[in-house]
Amino acid sequence: MMVFLYLRDLKTHFPIYRGLVARRQIGSVKAVDGVTISLQKGEILGLVGESGCGKSTLARTIMQLVRSTDGEVFLQGKGLSELSARAVRAARVDFQMIFQDPYASLNPRMTVFDTLSEAIRTRQKYRRKEMVAKVAELMEMVGLPANQMLRYPHEFSGGQRQRIAIARALAPQPKLVIADEPVSALDVSIQSQILNLILKLCREMELTMIFISHDISVVKYISDRIAVMYLGKLVEIGPATEVVERPLHPYTRALVSAVPIPNPQLERQRQRIILQGDPPSPLNPPAGCSFHPRCPFAIEECKLKAPELAEKEVRRFAACIRVGEI
Amino acid sequence: MPLLEVENLRTSFYTRAGVVRAVDGVSFSVDAGETLGIVGESGSGKSVTCYSILGLIPQPPGRIESGAARFDGIDLLDCKHSELRRFRGKRISMIFQDPMTSLNPYLRVSDQLIEPLLVHERISRRQALKLAIASLEEVGIQDAGRRVHLYPHQFSGGMRQRVMIAMALINRPEILIADEPTTALDVTVQAQILELIRRQQKDLGTAVIFITHDLGVVASFCRRVNVMYAGRVVESGFTEDIFASPLHPYNAALQQSIPALHRKGESLFTIPGAPPDLSRAIKGCSFAPRCPFAADLCRNSPTPLEEPIAGHSTACLRVLRGEVNDLRLEPALAAV
């Protein structure tokens, strides 16, 4: 077993300034605050959490679209954090991203051919004729008719556009793909087409993937392991099915119980944990465990010290001192 | 007698690309105090149906071609705008999808909350404000007396949706139309908002028409469901029946393509293709081009909604004729 991607105590803080003349830093938003995790080659890690918990910032930090404040990202043993901007761009053929909104992430003035050939060229240059063949191959791979390569994005539906975005991400033959809510903007019937496509491509190309979503059922279906994020920190990591079916951390429990199940009978029987309030601001996180103000199981001790992510059961990590008791 | 009865509603939009039949012959009814879900994908006509009832369709380009929406003996589609205004926000009210954009950013929450009261009731500003504060407390906003004077941007997404709910319920309406009220919210906040609507509905006896694309929300929230596809209701019935024994291939396929019900590694069933272009006339069943059970008959004859089992209707000809009984789909059919 080889560690493919390793994040060591990764932190991304955004400074906040006040004052026009005497500008001074009054604090920082700790969007990602000490994330440590490693991925095996070929693994799909699902990343879930509420909006504002830092999942997208974590993705952008790994991609080096935002540079980290502290900590390191190692891709196959190579440290990405210390690379220069130019070196990052060269290295990026190995790691690519798929974005949420297929309407906004494609250049409306470029044809599919332009978009895909530009992406292919980052890895290798071809003559026009060969390039056409390469683009056609790529389009077939994601289930688009190759004779449409001279069309513009607006001529495609949302699902088709997401296929183009996937083709673009895979064009440089990356080893790591980060998909940031790739199916959230799509309808249910289209969503399943794209999920099947992503799974198929992951298997065929032996991709390692971080799949970000707020939809736990999607993440459970697609990923090998799930990491749950709350206010910039990972609070639980474990095998996907186990995390969803028997969550350890109280936050994961609440998250799972909040998802409505499409089955009226089960739905009526189940007990809900309804969290009170909104997630607190990452500008001013609560002391101790950052979840304690909303946690139904919080005790005095939780307010004092932030719990470490620790292995509570085999391969199952949680950052909660009360895991055994509740 | 049903509280609201919609009959054969047709709404079209006249665009440069042609006439888009957004709602194409929709009929349903809502009883007092019940919850009716309308599910469907984007473009299936679920929102346009409700906007039509409330006279919120911009005309032109929109036009209500035919139909009736009887509420308490009055046809809402036949009303003048001035008459409709007496109903809207008073006896029928609406919550919109996006709490970020449906409040006026220039006005204090207090001004927006008391507006429906001032319009419909003979009441002083001071009394209205008192009621507004009480209604904010009812939807679970703490410190309402102070917060009522804030601006919308000072509230979070979940709080704004609470304000919208308070505003919609302040006149104790008989019908509340909720158009994807939780789609823009996190699941944890969604659970709070659903619980809130449920409680308010119980307290006030309001009927709720709940528009959503999320089958999970329907299962947990609605008594009856209309499944819409391409501007038509294709299946309608009690929630339990819709889920336990689907009578239309579209409903069946939709349920089988949800990841929640699949085991890992199992391929998801997918509905091939995409919804039809509504600017072209569709002769037969609008789902036929994507349907694994479609026969020639489906493509050529009209498919009205019929009720083979009491309280459970379908528009699938082959199911009605008894030619197809098992709507379970082979995973092998799954196309990538």
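Tutor: Let's start with a term: domain bounds are taken from an automatic or database domain assignment. Keep in mind, too, that this is a predicted model.

Student: Thanks! Into which domains is chain B divided?

Tutor: In chain B, domain 1 covers 101-170 and domain 2 covers 251-333. Taken over C-alpha atoms, the centres of domain 1 and domain 2 of chain B are 44 Å apart.

Student: How many helices and strands does chain B have?

Tutor: Chain B has twelve helices and twelve strands. Along the principal axes, the C-alpha atoms of chain B fill a box of roughly 65 × 50 × 40 Å.

Student: Now the helices. How is a pair of packed helices described?

Tutor: Two packed helices are described by the angle between their axes and by the distance between those axes. Take helix α3 (residues 109-120) and helix α6 (residues 157-169) of chain B: their axes come within 8 Å and cross at roughly 25°. Angles under 35 degrees count as roughly parallel, so α3(B) is roughly parallel to α6(B).

Student: Which residues make the contact between α3(B) and α6(B)?

Tutor: From α3(B) come B:Val109, B:Gln112, B:Leu113 and B:Pro116, while α6(B) brings B:Val163, B:Ala166 and B:Met167. By class, the residues of this contact are six nonpolar, one polar and no charged.

Student: And where do the two chains meet? How many residues does each chain bring to the contact?

Tutor: Chain B brings 39 residues and chain A brings 33 residues. On the side of chain B that touches chain A, the elements giving two or more residues are α7 (187-204), α8 (215-221), α9 (239-244) and α10 (249-256) of chain B.

Student: Let's turn to sheets. What is the strand order in the four-strand open sheet of chain B?

Tutor: The order is β2-β1-β4-β5 (chain B), with antiparallel pairing. An edge strand pairs on one side only, and here the edge strands are β2 (18-30) and β5 (74-75) of chain B. Strand β4 (residues 62-71) of chain B pairs with β5(B) in the antiparallel sense over two bridges. Opposite B:Arg70 stands B:Asp75 in β5(B).

Student: And in chain A, what is the order and pairing of the eight-strand open sheet?

Tutor: Reading across, the order is β6-β7-β8-β3-β9-β10-β12-β11 (chain A), and the pairing is mixed. Its edge strands are β6 (95-98) and β11 (310-313) of chain A. From one strand to the next, the twist averages 25°. Within this sheet, strands β9 (residues 225-230) and β10 (residues 233-239) of chain A pair in the antiparallel sense over six bridges, and A:Met229 stands opposite A:Leu234 in β10(A).

Student: Which residue of the hairpin of β1(A) and β2(A) takes a positive phi?

Tutor: A:Gly19 does, with a phi near 95°, in a hairpin that has five residues between the strands. Strand β1 (residues 3-18) and strand β2 (residues 24-40) of chain A pair in the antiparallel sense over 13 bridges, with A:Gly27 in β2(A) as the bridge partner of A:Ile16. β1(A) also pairs in the antiparallel sense with strand β4 (residues 70-75) of chain A, over five bridges; A:Leu5 stands opposite A:Leu75 in β4(A).

Key. Residues numbered from 1 in each chain as written. Chains lettered and ligands numbered in written order. Predicted model: local features only at pLDDT ≥ 70, side-chain atom pairs only at ≥ 80, totals over all residues. Axes fitted to C-alpha atoms, helices over the stretch in contact; angles between N-to-C directions. Parallel < 35°, antiparallel > 145°, perpendicular 65-115°, else oblique. Contact = placed C-beta atoms within 7 Å. Nonpolar A, V, L, I, M, F, W, Y, C, P; charged D, E, K, R; others polar. Pairing = 2+ DSSP bridges.
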